[in-house]
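These notebook entries record what I looked up in one structure. I began with the terms and then moved from the whole chain to single residues.

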Amino acid sequence: MSQTAPQLTLTPPNTRVRLGAKKLLQLKRSQDIIETFAWATVVFVAAMFFLDGGLAKFGNLNDILQSTSRLTALIGTDLLLIHTLLVARVPWLDKLYGHDKVTIAHKKLGKPILYVIAAHFLASLVQFAIADGKSLVAEMVNLFVNVPDMWSATVGFVLMLVVVVSSINAARKKLSYEVWYVIHLLAYISILAAVPHQFSTGSDIAGKPLQTLFWVSLYLFVALNVVWYRALGPLLLNLGLGLRVSAVVRESSDTISIYLSGRGLERLGGQAGQFYMLRIMNKENWDKPHPFSISAAPNNRFIRFTIGDRGDFTSQLPDLKVGTRVFLEGPYGVFTEERRTKEKVTLICAGVGAPPIRALAESMAARPGDITIIYRVRSYEDAALLSEIEQVARHRGFRLHVLSGKRGSANSWLPGHLNDVPDHARLIEMNPHISESDVYICGPGPWTHAVEKSLKRVGTPATQIHAEEFAW
Ligand SMILES: Cc1cc2nc3c(=O)[nH]c(=O)nc-3n(C[C@H](O)[C@H](O)[C@H](O)COP(=O)(O)OP(=O)(O)OC[C@H]3O[C@@H](n4cnc5c(N)ncnc54)[C@H](O)[C@@H]3O)c2cc1C
């Protein structure tokens with residue numbers, strides 16, 4: 001481990017941030033436009049089906065099966081492309097909703113899409129089996145072997161099943177993140193495998209110019225976003241930046257900071273509170289990106305991540321050699337000052353939640369006394385970045401409460417010795433202006449939810465509560 005961290009001088013606060021609720025209205029308007037556009041694509045494909053005589057084709061069993069197969073194929077594919085876009089980490093979606101909300105929407109769509117595509121598969125199979133007078137199994141073999149592009153569509157459907165099953169909570173808990181991630185890459189192959197049969201055998205596209213234009217545009221739009229934002233853009237940026245590890249410094253018993261240096265760091269364009277996917281470009285780890293928040297406000301000297309030892313990947317990091325090449329993808333997330341509407345701010349963190357809170361404290365412009373920091377730690381030895389947080393608080397005139405000790409009651413987010421009054425009463429005691437402030441919370445999921453409960457009890461409006469969960 002290298003102990004030579006760059007001299008830490010505080011970056012001047014960001015004074016460009018606009019306060020006030022107007023920006024929330026603008027945000028809501030932009031979200032409404034995106035959502036209307038997304039639903040409009042579903043309405044369009046259904047409308048085209050009905051205008052093409054679809055409504056009249058529910059007269060007998062064969063028609064019902066054929067129409068069900070067509071309609072479910074159209075709606076399922078449209079939703080699948082939206083689903084893919086949601087997880088492509090496109091900055092224009094991330095800025096509007098935040099990485100965690102986009103990921104949740106992506107997860108929610110997964111099962112319904114599978115059901116719709118499964119309905120398409122079954123309706124087609126039964127319809128062809130009846131028409132050919134074959135059993136379902138014989139018809140499946142027939143379609144697979146004799147009908148052009150059907151084998152790849154079937155492979156695509158099976159891969160889709162694998163992806164969705166691996167995402168069900170029970171299965172997911174048994175998989176490491178890395179295995180789950182590789183399985184998820186199969187989703188792209190699944191979509192590509194199904195494309196040929198849509199254009200060659202699908203009766204709703206071939207020979208229909210408007211529909212062809214719509215589907216080609218939609219596929220191209222999603223493909224360009226995926227290729228640019230997930231692959232090409234980050235690759236070109238990283239080749240230009242030439243990021244390398246410049247120091248690895250111990251911060252607490254189980255936490256280290258990694259400093260990165262490179263050319264033209266301002267091109268990364270991140271803000272305090274955001275995170276990057278970090279790839280260590282050595283033989284063992286180049287294919288295992290992990291998310292980490294920057295722990296110092298953006299500056300043109302270094303990028304810093306402060307990382308707790310939590311498993312296979314993070315336990316290797318203290319041995320990282322200075323000079324090791326690193327790739328970053330991002331920045332991601334809306335746990336930033338862009339969401340701040342009030343003069344007063346409360347920053348609350350626990351454990352590995354400290355890095356983004358430390359960066360936000362450094363970056364936020366405020367009058368002395370307007371910002372309160374609450375840092376929940378198990379013990380002072382475990383409190384990563386504590387001396388820096390104290391330094392920021394001293395320099396900028398922020399109030400700091402360090403709450404150390406073991407948890408008392410199971411529902412409390414405070415240490416046991418503070419449990420003599422309810423959590424929300426203790427919160428008001430630490431910050432009497434809590435209901436008029438924007439509150440940024442970062443820590444483990446259940447702990448964050450307990451803090452949010454207290455905030456609701458003291459009357460802090462939901463629009464002023466900002467929490468980014470460390471979830472995947
Ligand atoms: C948006 C975000 C910001 C984060 N910022 C920080 C930070 O600043 N400092 C810090 O110490 N930790 C941070 N984390 C958590 C950090 O990513 C995980 O602790 C780390 O990836 C664990 O990897 P591992 O292989 O060592 O442990 P594992 O044993 O593989 O995982 C331990 C736990 O970490 C989580 N995890 C593992 N891999 C990933 C992954 N690729 N993406 C998301 N979660 C994963 C899982 O919940 C897993 O159960 C952040 C996570 C997210 C989602």
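**Entry 1. A term, and its use.** I count a residue as buried when its relative accessible area is under 20%, as exposed when it is over 50%, and as partly exposed in between. Trp447, at 9% relative accessibility, therefore counts as buried. The model I am reading is a predicted one.

**Entry 2. The whole chain.** I looked up the overall make-up before any detail. The protein chain has 14 helices and 11 strands. Its C-alpha trace spans about 80 × 50 × 40 Å along the principal axes. Of its 472 residues, 49% are buried. I also looked up the contacts with a separation of 6 or more, and 72% of them join residues 24 or more positions apart.

**Entry 3. The nonpolar cores.** Which residues touch the most other members of the largest nonpolar core? I found Leu81, Leu93, Ile113, Met160, Trp215 and Tyr219, in a core of 33 residues. At least two residues of this core come from each of the helices H1 (22-51), H2 (61-86), H3 (91-97), H4 (99-132), H6 (150-167), H8 (177-200) and H9 (209-241). H2 gives the most, with 7 residues. I then recorded a second, separate core of 25 residues, which includes Val345, Leu347, Met364 and Ala393.

How many aromatic pairs does the structure hold? I read 13. One of them joins Phe214 and Trp215 edge-to-face, at 5.2 Å centre to centre and with 85 degrees between the planes. Phe214 counts as buried at 16% relative accessibility, and Trp215 is buried with a relative accessible area of 2%.

Trp413 and Trp447 make another edge-to-face pair, with 6.1 Å from centre to centre and 90 degrees between the planes. This pair links distant parts of the chain, 34 residues apart: Trp413 is in the loop between strand E9 (399-404) and H13, and Trp447 is in helix H14 (residues 445-458). Trp413 counts as buried, at 1% relative accessibility.

**Entry 4. Helices H13 and H14.** I next looked up how these two helices meet. The axes of H13 and H14 come within 9 Å and cross at roughly 75 degrees. H13 is therefore roughly perpendicular to H14. On the H13 side the contact is made by Asp423, His424, Leu427 and Ile428, and on the H14 side by Ser454, Leu455, Arg457 and Val458.

Not counting residues up to four places away in sequence, His424 touches Ser454, Arg457 and Val458. Is His424 buried or exposed? With a relative accessible area of 17%, His424 is buried. I also checked its separation from Ala354, which is 70 residues away along the chain, and the two C-alpha atoms are 21 Å apart.

**Entry 5. Ser437.** Where does Ser437 lie? I placed Ser437 in the loop between helix H13 (423-430) and strand E10 (438-442). Its relative accessibility is 0%, so Ser437 counts as buried. A polar atom of the Ser437 side chain lies 3.1 Å from the backbone oxygen of Ile434. Beyond neighbours within four places in sequence, Ser437 is in contact with Lys342, Lys344, Val345, Thr346, Asn431, Thr460 and Gln464. Of these, I had already recorded Val345 in the second core.

**Entry 6. Backbone exceptions.** I kept a general point in mind here: most residues other than glycine have a negative phi, and most peptide bonds are trans. The peptide bond from Gly330 to Pro331 is cis, with omega near 5 degrees. Pro331 is found in strand E6 (residues 326-332).

Arg89 is not a glycine, yet its phi is positive, at about 55 degrees. I located Arg89 in the loop between H2 and H3, and at 12% relative accessibility Arg89 counts as buried. Asp149, also not a glycine, has a positive phi of about 70 degrees. I found Asp149 in the loop between helix H5 (136-146) and H6. At 24% relative accessibility, Asp149 counts as partly exposed.

Notes
Residues are numbered from 1 along each chain as its sequence is written. Side-chain values use heavy atoms; hydrogens and water are left out. A nonpolar core is a set of buried Ala, Val, Leu, Ile, Met, Phe, Trp, Tyr and Cys residues joined through side-chain atoms within 4.5 Å. Buried means under 20% relative accessible area, exposed over 50%, partly exposed in between (1.4 Å probe, protein chains only). Helices (H or I, at least four residues) and strands (E, at least two) are DSSP runs, numbered from the N terminus. A polar contact is a pair of N or O atoms within 3.5 Å; within protein, one must be able to donate a hydrogen and the other to accept it, and residues adjacent in sequence count only if both atoms are side-chain atoms. Contact means heavy atoms within 4.5 Å. Rings of Phe, Tyr and Trp (its six-membered ring) pair if their centres lie within 6.5 Å; planes under 30 degrees apart count as stacked, over 60 as edge-to-face and the rest as tilted. Axes are lines fitted to C-alpha atoms, for helices over the stretch in contact, and angles run from 0 to 180 degrees between N-to-C directions. Angles under 35 degrees count as roughly parallel, over 145 as roughly antiparallel, 65 to 115 as roughly perpendicular and the rest as oblique.
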